[in-house]
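Student: Could you go through this structure with me, one topic at a time? I would like to ask questions as they come up.

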Amino acid sequence: MLGFYKFVGEWKTTELEPNKIQVDYSYDLYSNQPLFYPANSLFAKLFWKKYMKQVLENVKQMAYNNEPYLYK
């Protein structure tokens, strides 16, 4: 899709205090098709960033609903 051949993401959780956790994430999208670089950049800035914000919102809702969520 759009010349991407690899997606790498990392989530880091840090317990700030009891019942308060900071979630940091980073991601890299790799492409080997220079022709698609402008579309890749647009995709990363618009779609993927919005998608990751929705994932964080889902995790937050799980926490508010006291659903089981494990992390290391």
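This is a predicted model: local features need pLDDT of at least 70, side-chain atom pairs count only at pLDDT 80 or more; totals for chains, interfaces and linings use all residues.

Student: OK, strands then. In what sense do β1 and β2 pair, and over how many bridges?

Tutor: Strands β1 and β2 run antiparallel to each other, and their pairing extends over 12 bridges.

Student: Switching to rings: how many aromatic pairs does the structure hold?

Tutor: The structure holds 7 aromatic pairs. One of them is formed by tryptophan 11 and tyrosine 25, whose ring centres are 5.9 Å apart and whose planes are at 35°, so this pair is described as tilted. The pair links distant parts of the chain, since tryptophan 11 is in strand β1 (residues 4-17) and tyrosine 25 is in strand β2 (residues 20-31), 14 residues apart.

Student: Are those two buried, partly exposed or exposed?

Tutor: Tryptophan 11 has a relative accessibility of 35% and counts as partly exposed, and tyrosine 25, at 26%, also counts as partly exposed.

Student: What about phenylalanine 47 and tyrosine 51, is that pair stacked or tilted?

Tutor: The rings of phenylalanine 47 and tyrosine 51 have their centres 6.2 Å apart with planes at 15°, so that pair is stacked. Both residues are in helix α1, and because they are 4 residues apart there, about one helical turn separates them.

Student: Which residues do ring pairs link into a cluster?

Tutor: The cluster linked by ring pairs consists of Phe4, Phe7, Phe43, Phe47 and Tyr51.

Student: And which residues make the nonpolar surface patch?

Tutor: Leu42, Leu46, Phe47 and Tyr51 make a nonpolar surface patch of about 430 Å². Of these, phenylalanine 47 is partly exposed with a relative accessible area of 45%, and tyrosine 51 is partly exposed with 41%.

Student: Now charges. How many salt bridges does a search of the whole structure find?

Tutor: Searching the whole structure finds 1 salt bridge, in which the side chains of lysine 60 and glutamate 57 meet at 3.8 Å, N to O. In general, side chains of opposite charge can pair when their charged atoms come close.

Student: How far apart are lysine 60 and glutamate 57 in helix α1?

Tutor: They are 3 residues apart in helix α1 (residues 37-64), so about one helical turn lies between lysine 60 and glutamate 57. As for accessibility, lysine 60 counts as partly exposed at 39%, and glutamate 57 counts as partly exposed at 31%.

Student: One last thing, what does lysine 6 lie over?

Tutor: Lysine 6 lies over the face of tyrosine 30, at a distance of 5.1 Å from the ring centre.

How values were computed: Residues are numbered from 1 along each chain as its sequence is written. Side-chain values use heavy atoms; hydrogens and water are left out. A salt bridge is a side-chain nitrogen of Lys or Arg within 4 Å of a carboxyl oxygen of Asp or Glu. Helices (H or I, at least four residues) and strands (E, at least two) are DSSP runs, numbered from the N terminus. Buried means under 20% relative accessible area, exposed over 50%, partly exposed in between (1.4 Å probe, protein chains only). Rings of Phe, Tyr and Trp (its six-membered ring) pair if their centres lie within 6.5 Å; planes under 30 degrees apart count as stacked, over 60 as edge-to-face and the rest as tilted. A charge sits over a ring if NZ of Lys or CZ of Arg is within 6 Å of the ring centre and within 35 degrees of the ring normal. Patches are made of residues with over 30% relative accessible area and no salt bridge: like charges are joined within 9 Å, nonpolar side chains (Val, Leu, Ile, Met, Phe, Trp, Tyr) within 5 Å. Accessible areas come from the Shrake-Rupley method with a 1.4 Å probe; for residues, only the protein chains shown count as cover. Two strands pair if DSSP finds at least two bridges between them.
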